[in-house]
Amino acid sequence: MSPLPPPGEGPVRPVSVSLHEGTIAALKARTGKRGMSAYVEALIQRQLERDRLRELIEDAEAKNGRVDQAAVDAKRAILRGNAADSANAA
């Protein structure tokens, strides 16, 4: 048996999912009928990435202890371009 392709790769095939009517209406309003699959695919890929990132963080914290939240906030300020908030990040 060959290995499964990673998310976002491999042949496309239809699947059936159940969604609330309100969710379907909002999805159609945002994407039109023809953009729904691509939109849902992107959402699922993003969630899979977030799930994997959370697992990596949990593994790292189990090995190294919890991160210093002040340091995280300072680095986040640098990434967002908040120079005044990042003065203590270095």
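1. Surface first: the protein exposes about 8300 Å², and 54% of that comes from carbon and sulfur atoms. Keep in mind that this is a predicted model. Buried residues account for 7% of the 90 residues in the protein.

2. On overall form, the radius of gyration is 20 Å, whereas a compact globule of 90 residues would come out near 12 Å. Taken along the principal axes, the C-alpha atoms fill a box of roughly 50 × 40 × 20 Å.

3. The fold inventory is quick to go through. There are three helices and zero strands, so the order from the N terminus on reads α-α-α. H1 covers residues 21–31 and H2 covers residues 36–64, while H3 spans 69–80.

4. How do H1 and H2 pack against each other? Their axes sit 9 Å apart, at an angle of about 110°. That angle makes H1 roughly perpendicular to H2, because anything from 65 to 115 degrees falls in that class.

5. Which residues make the H1–H2 contact? From H1 come Leu27, Lys28, Arg30 and Thr31, and on the H2 side they meet Met36, Tyr39 and Val40. Sorted by class, this contact has four nonpolar, one polar and two charged residues. If you are clicking along in the viewer, Met36 in H2 is a handy place to start.

6. Glycine 35 and aspartate 59 are 24 residues apart in sequence, and their C-alpha atoms are 37 Å apart in space.

7. Is glutamate 61 buried or exposed? Glutamate 61 belongs to helix H2, and it counts as buried because its relative accessibility is 17%, with the limit set at under 20%. Leaving aside residues up to four places away in sequence, glutamate 61 touches Arg66 and Val67.

8. The other loop glycine to check is glycine 65, in the loop between H2 and H3. Glycine 65 is partly exposed, at a relative accessible area of 34%. Lysine 28 is one of the H1 residues in the contact with H2.

9. Proline 6 is found in the segment before H1 and is partly exposed, with a relative accessible area of 43%. Where does glutamine 45 sit relative to proline 6? The two are 39 residues apart in sequence, yet their C-alpha atoms are 9.9 Å apart in space.

How values were computed:
Residues numbered from 1 in each chain as written. Predicted model: local features only at pLDDT ≥ 70, side-chain atom pairs only at ≥ 80, totals over all residues. Heavy atoms only, no water. Axes fitted to C-alpha atoms, helices over the stretch in contact; angles between N-to-C directions. Helix = DSSP H or I, 4+ residues; strand = E, 2+ residues; numbered from the N terminus. Parallel < 35°, antiparallel > 145°, perpendicular 65-115°, else oblique. Contact = heavy atoms within 4.5 Å. Nonpolar A, V, L, I, M, F, W, Y, C, P; charged D, E, K, R; others polar. Rg over C-alpha atoms; globule rule 2.2 N^0.38 Å. Buried < 20%, exposed > 50% of the residue type's maximum accessible area, 1.4 Å probe, protein only. Areas by Shrake-Rupley, 256 points an atom, 1.4 Å probe, with all protein chains shown as cover.
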